[in-house]
Amino acid sequence: MAWTSPKTFISGDVLTAAELNVHLRDNLNETAVAKATTAGRIFVASGANTVAQREVASSFTQASINITGTSYGSSGPTVTVTTGTRALVFYGCHMRHATANNAPLMSVSVSGATTIAADDAWALISDGQPALNPIKAMSARLFKTLNAGSNTFNMQYRVAAGNADFERRELVVIAL
Amino acid sequence: MTFVNGTALTAAQLNTHLRDNLRETFPAIASSTSPYGAQVCQVRGRNKLVTYGIDSVTNTGTIQIRSSNYTEAVGPSLSMLTNKSALCIWSVSLDSTVDNAATYCSIAVSGATDIDYNDLWSLQRDGAPLSNFVRAGMIKMFYNELNPGVNTFTLGYRINNSQGSARHRELIVWGL
């Protein structure tokens, strides 16, 4: 049942079961405490007078992968959460290129309820390093155009040329 | 209140303990739209909730950096309603037109609070050959440093030698 603006009671009026069910039972059922099911979740406003429980999730992969493609591919790790239209995403890794002065790039794509391709506009990029000199850094993106529902966030990789190694890869998603 | 058998329930009691208390719950204060992005419920004080926002601004264009001070090249900006704190995350692609020049991107606050840019909380790129972009993220928590109200957060840039540029700029602010 939806939220109803709590009524103002008047002396002399008969209090009915229907009123208590609407203004007490149904409204209490809309509160965060009524909807809370899992420890560690947060609550966000999902609409007018509507709140939703959301997850903060992460995935870490220590293993190294070698990338030779100049287009984004080779997903991983991934995180799947139920979101509204937004999600705050953090991503970081340790990356190094085999050749001096070449760029490894790491970005995030979205699949499931929403399709958003990985893009350099929100990528982690390191260019100009000597060969095999790594950096470990992070970037973040607030995705604001998601379709509400189950969305999967994928870390993806590419190189400008040559090949690069990516390891210690971490993805954190705060569903909103 | 604690209800007692045989005691008449009054309109005033229902208004205080039912109506007024329900009006303090998260669904009562949640709205369908906010000028400050996604709404997250936070504790305002004892038995008091408030919603603050998480929002972002992006600018994919290139801005030229020619000064050793933060005042010349600035943007984008994001205004956010906050209490005393805000979590700021920004990701920027930086380069330089000469080898081994240090390019910086910091954040300042204006509006309800004045806090100047500072290298202490800047994203820095140094030691790379000219025209090689590095894109990475930085985080700053203004913790109990803000005056409650609408604060405007603005990215600024400087370089220690010659000139450089910044592009693919994203600023995320979580009001707290």
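Mentor: Welcome! Let's start with the element names: helices (H or I, at least four residues) and strands (E, at least two) are DSSP runs, numbered from the N terminus. This is a predicted model, in which local features need pLDDT of at least 70 and side-chain atom pairs count only at pLDDT 80 or more, while totals for chains, interfaces and linings use all residues. Residues are numbered from 1 along each chain as its sequence is written, chains are lettered from A and ligands numbered from 1 in the order in which they are written, and side-chain values use heavy atoms, with hydrogens and water left out.

Trainee: How many cavities of 30 Å³ or more does the structure hold?

Mentor: Rolling a probe the size of a water molecule over the atoms shows where empty space is left. On a 1 Å grid over the protein atoms alone, a cavity is a set of points where a 1.4 Å probe fits but cannot get out, a pocket is an open set with protein on both sides within 12 Å along at least five of seven lines, and lining residues have an atom within 4 Å of a point. Points are joined across faces, edges and corners, and a volume is the space filled by probe spheres set on them. Here there is one cavity of 30 Å³ or more, with a volume of about 50 Å³ for the largest cavity.

Trainee: Which strand gives the largest share of the lining of the largest cavity?

Mentor: Strand β6 (residues 87–97) of chain A does, with three residues. The lining includes A:Met95, A:Arg96 and A:His97, along with A:Gln129 and A:Asn133. By class (Ala, Val, Leu, Ile, Met, Phe, Trp, Tyr, Cys and Pro nonpolar; Asp, Glu, Lys and Arg charged; the others, Gly among them, polar), that lining has three nonpolar, six polar and one charged residues.

Trainee: What lines the largest pocket?

Mentor: That pocket holds about 250 Å³ of space. Of its 16 lining residues, the closest to the centre are A:Ala45, A:Ser46, A:Thr85, B:Ser32 and B:Ala38. β1(A) gives the most to this lining, with four residues, and the classes are four nonpolar, 10 polar and two charged.

Trainee: Which residues lie nearest the centre of the second largest pocket?

Mentor: A:Gln129, B:Gln124, B:Arg125, B:Asp126 and B:Val134 do, out of 15 lining residues. Its volume is about 160 Å³. Notice that A:Gln129 is also in the lining of the largest cavity.

Trainee: What area is buried between chain B and chain A?

Mentor: The size of an interface is often given as the accessible area lost when the parts come together. With a 1.4 Å probe, and summed over both parts, the buried area is about 3,300 Å², of which carbon and sulfur atoms give 64%. In chain B, B:Leu22, B:Pro27 and B:Arg135 lose the most area to chain A, together 18% of what that side buries. In contact terms (heavy atoms within 4.5 Å), 39 residues of chain B meet 44 residues of chain A.

Trainee: How many salt bridges are there between chain B and chain A?

Mentor: Three, each a side-chain nitrogen of Lys or Arg within 4 Å of a carboxyl oxygen of Asp or Glu. One of them pairs B:Asp55 with A:Lys144, the closest N and O atoms being 3.2 Å apart. On the side of chain B that touches chain A, α1(B) gives the most, with six residues, and the classes there are 22 nonpolar, 12 polar and five charged.

Trainee: Where is A:Pro77 placed?

Mentor: In the loop between β4 (65–67) and β5 (78–83) of chain A, where a cis peptide bond joins A:Gly76 and A:Pro77, with omega about 0°. In chain B, a cis bond joins B:Gly75 and B:Pro76, omega being about 5°, and B:Pro76 sits in strand β4 (residues 73–82).

Methods
Buried area is the accessible area (1.4 Å probe) that two parts lose on being put together, summed over both.
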